[in-house]
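Welcome! Take a moment to look over the sequence and the 3D structure, and then let's walk through them together.

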Amino acid sequence: MPEQTVIEAVRDTMFAEMRRDDSVIVLGEDVGNRGGVFLATDGLIDEFGEDRVIDTPLAESSICGVALGAAVNGMRPIAEIQFADFVWPAINQLVGEASKVRYGTNGVKTAPMTVRVPYGGGVRGGLYHSQSIEVLFAHTPGLSVVAPATPYDAKGLLASAIRSDDPVIVLEHKRTYRLVKGDVPAEDYTIPIGKAEIKRPGTDLTIFTYGLMLHYSLQAADMAAANGIDVEVLDLRTLRPIDEDAIAESASRTGKALIVQEDTPAVSISSEVAAIIGERCFFDLDGPITRLGPPEIPPMPFSPIQEAAFMPSPEKILAAITRLAEI
Amino acid sequence: MPFNIELPHVGESVTEAVIGKWLKSPGDKIEKYDPLVEVITDKVNMDVPSPASGTLTKIIAEEGDTVQMGAVIAEMDATDAVNNSAPPTDQVPDISSTGSPSASRIGTMVQGANVGPTGGEFTDTSLNAADTAVPAASGTTGSTPGKKRGFSPVVTRLATQHGIDLNTLVGTGLGGRVTKNDVLNAVESGGSGAESASSTPSGVAAEDQVIDPSPIRKMIANHMVKSMSEIPHAWSAIEVDVTGMVEWRTSNRDRFQSEHGVRLTYLPIALSVVADALKDNPRLNSSWLDGKIVLKSAINVGVAVAAEAGLVVPVVHDASGTSIVDLAGTLDGVVSRARSGSMTLDDVQGGTFTLNNTGALGSIWGGAIINHPQAAILTTEAIVKRPVVISKDGVDAVEIRSMMNICLSFDHRIVDGAEASAFLQSVKTGLEAISLTTDLK
């Protein structure tokens with residue numbers, strides 16, 4: 001089985017989907033001749049031409065608006081937001097419009113569009129190239145939000161997003177692009193949107209996480225194992241619709257929940273996971289539902305020392321594991 | 001019924017309208033949705049439909065009047081309107097149009113509707129956790145005096161399920177906290193706690209038989225221990241002359257059976273009298289909860305039944321004011337469900353007092369254990385014919401009478417002897433009032 005990085009899996013999936021379906025197009029800033037700033041779209045324009053791989057102006061509202069219009073009229077556009085930090089001008093097109101197409105037209109129209117959004121920190125990006133933006137979209141009924149963290153999941157979820165008849169935000173953590181390598185089957189497959197996955201089974205407590213923090217959590221779980229603590233790690237993979245059953249099942253089984261995220265914790269994915277566990281697992285809990293995230297300041301400091309202080313790390317996660325396990 | 005016709009809200013920014021031509025006159029019969037009147041706003045001109053069917057009785061807003069949205073523009077006599085205070089569902093109530101919001105708009109909290117994490121009814125274990133958090137009076141728990149030991153939800157639930165006394169466990173968690181694993185280990189090692197690591201208790205001779213109690217036996221055991229260790233029991237008893245009741249029952253038994261299809265026993269009669277006595281003595285129908293006395297509004301009497309698996313206590317809800325016939329029917333149902341092990345949740349929930357007919361087993365005296373967290377339990381003992389001295393017109397004579405003892409165990413935190421005796425007297429009076437001539441429905 002070929003081993004790939006996340007970025008390679010993303011690129012190959014777009015090649016495959018564009019070959020499979022003529023209605024799939026790609027648009028975004030520098031996605032054509034430049035091949036994308038992360039080279040996610042490298043080579044697409046050579047095979048599919050300027051009609052299907054469209055360089056756009058630096059206008060996220062326009063990128064998503066054009067994608068929405070194309071989607072409503074039968075195309076399957078993949079819009080690329082160059083950095084999540086600049087998605088805000090497109091909020092009206094995504095939250096205000098795309099999310100409401102199916103409901104607002106009573107199902108007459110749908111918006112089969114995919115928005116790829118490189119996000120996340122730990123890349124010395126400072127305030128404008130490090131943000132986590134998932135909560136605003138995950139809060140919005142009518143949008144799906146996926147956050148694959150492995151090459152395998154990146155391929156399966158991106159394929160599902162492109163084939164979905166409704167808008168899907170695909171969050172790709174920039175740090176994982178070239179950091180994470182893994183097996184990716186060459187053949188066609190999809191991963192259902194809305195399904196979490198236990199990446200590491202365990203009995204003493206469960207870490208609920210996604211994105212880069214999945215890898216940090218797995219590392220921390222290995223360190224904890226050396227201390228005799230058996231940690232389960234559940235990868236949410238989809239942030240909306242979130243996999244309530246998988247969350248409740250794991251939390252009920254281990255009785256202790258640690259939620260790890262890179263985004264600031266107040267009113268966030270971790271709040272939602274905590275609420276689900278509180279509602280569904282109360283009589284199975286053997287410790288306080290615990291959250292680990294960065295401090296509540298605007299993400300993210302540029303200074304390497306401060307960035308490291310801001311981001312959760314395997315060591316910080318291990319400390320949280322140990323505290324919760326000892327309770 | 002008279003019904004106010006209001007000017008409906010037509011749009012988010014429209015606050016008032018000018019009344020145009022009335023299309024109906026007072027006295028006209030109108031159907032729901034019939035156009036009533038034209039109105040003109042700065043956004044839209046439209047016909048106001050009738051909100052109900054009936055007869056238009058009075059026009060309040062005349063043509064040319066400027067009227068606020070939501071104001072009453074006419075009155076009608078409606079045949080199908082249900083509630084004038086609730087706006088028709090197709091209009092948006094304007095929260096700025098009235099002063100303070102009505103109660104219905106604020107909503108009310110539904111009492112006693114606990115919904116659990118998975119949707120079903122839930123048992124409030126926080127009370128139990130608080131109870132068990134207090135070190136037992138024997139002081140053998142080894143926990144710091146005065147320091148509250150907290151039990152997590154899963155620990156409480158597992159301990160209840162498996163009949164484990166948490167105070168006997170040695171916790172391995174932070175500060176000696178009992179963890180889920182501690183409970184599971186205790187379950188594996190025999191159920192009764194960490195100290196019984198071997199499955200055979202000490203002091204057992206080789207020829208002795210050791211029985212693993214069934215789960216229901218364990219639950220009963222825990223329940224009894226909880227009641228006896230928490231509730232300071234006190235006892236009182238009184239003897240009742242039930243000759244009249246026996247005669248009444250004997251003369252009505254066959255008729256009752258044929259008319260209602262239920263066997264007439266003494267239980268529904270006693271139950272009826274007890275329920276009435278509880279009404280007059282509300283302290284006996286209460287609970288000591290968290291340092292407060294909670295007088296229960298409902299009178300739900302549990303009836304102890306010896307089922308095959310063990311003692312169960314199905315509950316007869318709202319026993320007060322219910323006829324003997326209905327009580328007999330209800331009892332027949334719950335008791336047979338209890339014996340066949342097919343009770344519903346409702347059958348065992350909500351008891352506020354317990355009645356135990358120990359007389360059926362031949363007992364003439366008893367000191368029952370209160371059904372925690374109730375305030376008292378009453379036993380009706382065997383009816384026995386005895387020579388009794390009866391005084392009539394100053395002359396003493398010995399007669400053969402049917403006598404029955406009733407024995408009360410009560411929570412001395414809630415009730416003193418005087419109130420307990422008053423309750424017993426109420427029951428005695430009620431039972432002795434029954435005679436051949438009584439018309440018990």
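At roughly what angle do the axes of helix α9 (residues 212-226) of chain A and helix α13 (residues 314-326) of chain A cross? They cross at roughly 55°, and the two axes come within 8 Å. Please keep in mind that this is a predicted model. The predictor gives the complex an ipTM of 0.74 and a pTM of 0.53.

- Two packed helices are described by the angle between their axes and the distance between the axes.
- The crossing of α9(A) and α13(A) is right-handed.
- On the α9(A) side, the contact is made by Tyr216(A), Ser217(A), Gln219(A), Ala220(A), Met223(A) and Ala224(A).
- On the α13(A) side, the partners are Pro314(A), Ile317(A), Leu318(A), Ile321(A) and Thr322(A).
- Sorted by class, the contact of α9(A) with α13(A) has eight nonpolar residues, three polar ones and no charged ones.

**Helix packing in chain A: α1 and α7**

- Helix α1 (residues 6-20) of chain A and helix α7 (residues 151-163) of chain A have axes that come within 8 Å and cross at roughly 30°.
- Why are α1(A) and α7(A) called roughly parallel? An angle under 35 degrees counts as roughly parallel, and the axes of these two helices cross at roughly 30°, so α1(A) and α7(A) fall into that group.
- The crossing of α1(A) and α7(A) is right-handed.
- From α1(A), the residues making the contact are Val6(A), Ala9(A), Val10(A), Thr13(A) and Glu17(A).
- From α7(A), they are Pro151(A), Ala154(A), Lys155(A), Leu158(A), Ala159(A) and Ile162(A).
- The contact of α1(A) with α7(A) divides into eight nonpolar, one polar and two charged residues.

**Helix packing in chain B: α7 and α8**

- In chain B, helix α7 (residues 266-280) and helix α8 (residues 324-340) pack at an angle of about 120°, and their axes are 9 Å apart.
- That angle makes α7(B) oblique to α8(B).
- α7(B) passes α8(B) in a right-handed crossing.
- The contact brings together Leu267(B), Pro268(B), Ile269(B), Leu271(B) and Ser272(B) of α7(B) with Ile324(B), Leu327(B), Ala328(B) and Leu331(B) of α8(B).

**Chain B as a whole**

- Chain B has 10 helices and 18 strands.
- Of its 441 residues, 29% count as buried.
- Among the contacts in chain B with a separation of 6 or more, 62% are between residues 24 or more positions apart.

- Asn222(B) is found in helix α5 (residues 215-230) of chain B.
- Asn222(B) has 17 C-beta neighbours inside 10 Å, so it counts as partly exposed.
- Asn222(B) and Gly163(B) are 59 residues apart along the chain, and their C-alpha atoms are separated by 6.5 Å.
- Glu432(B) lies in helix α10 (residues 417-432) of chain B.
- Glu432(B) is also partly exposed, with 15 other C-beta atoms within 10 Å.
- Glu432(B) and Gly244(B) are 188 residues apart in sequence and 6.7 Å apart in space, C-alpha to C-alpha.
- Leaving out residues up to four places away in sequence, Glu432(B) touches Val240(B), Asp241(B) and Gly244(B).

**Where the two chains meet**

- How many residues of chain B are in contact with chain A? There are 12 residues of chain B in contact with 12 residues of chain A.
- Helix α3 (residues 153-162) of chain B gives the most to the side of chain B that touches chain A, with four residues.
- That side of chain B divides into five nonpolar, four polar and three charged residues.

**Confidence in chain B**

- The average pLDDT of chain B is 79, and 79% of the residues score at least 70.
- Within chain B, confidence is highest in strand β9 (residues 233-241), at a mean of 95, and lowest in helix α2 (residues 125-133), at 35.
- Over residues 83-147 of chain B, pLDDT stays under 50, and the model has 55 contacts beyond four places in sequence for this stretch.
- Residues 192-198 of chain B also have a pLDDT below 50, with 15 contacts in the model beyond near neighbours in sequence.

Notes:
Residues numbered from 1 in each chain as written. Chains lettered and ligands numbered in written order. Predicted model: local features only at pLDDT ≥ 70, side-chain atom pairs only at ≥ 80, totals over all residues. Axes fitted to C-alpha atoms, helices over the stretch in contact; angles between N-to-C directions. Parallel < 35°, antiparallel > 145°, perpendicular 65-115°, else oblique. Left-handed = near helix turned anticlockwise from the far one by under 90°. Contact = placed C-beta atoms within 7 Å. pLDDT = per-residue confidence, 0-100. Buried ≥ 20, exposed ≤ 12 C-beta atoms within 10 Å, placed from the backbone. Nonpolar A, V, L, I, M, F, W, Y, C, P; charged D, E, K, R; others polar.
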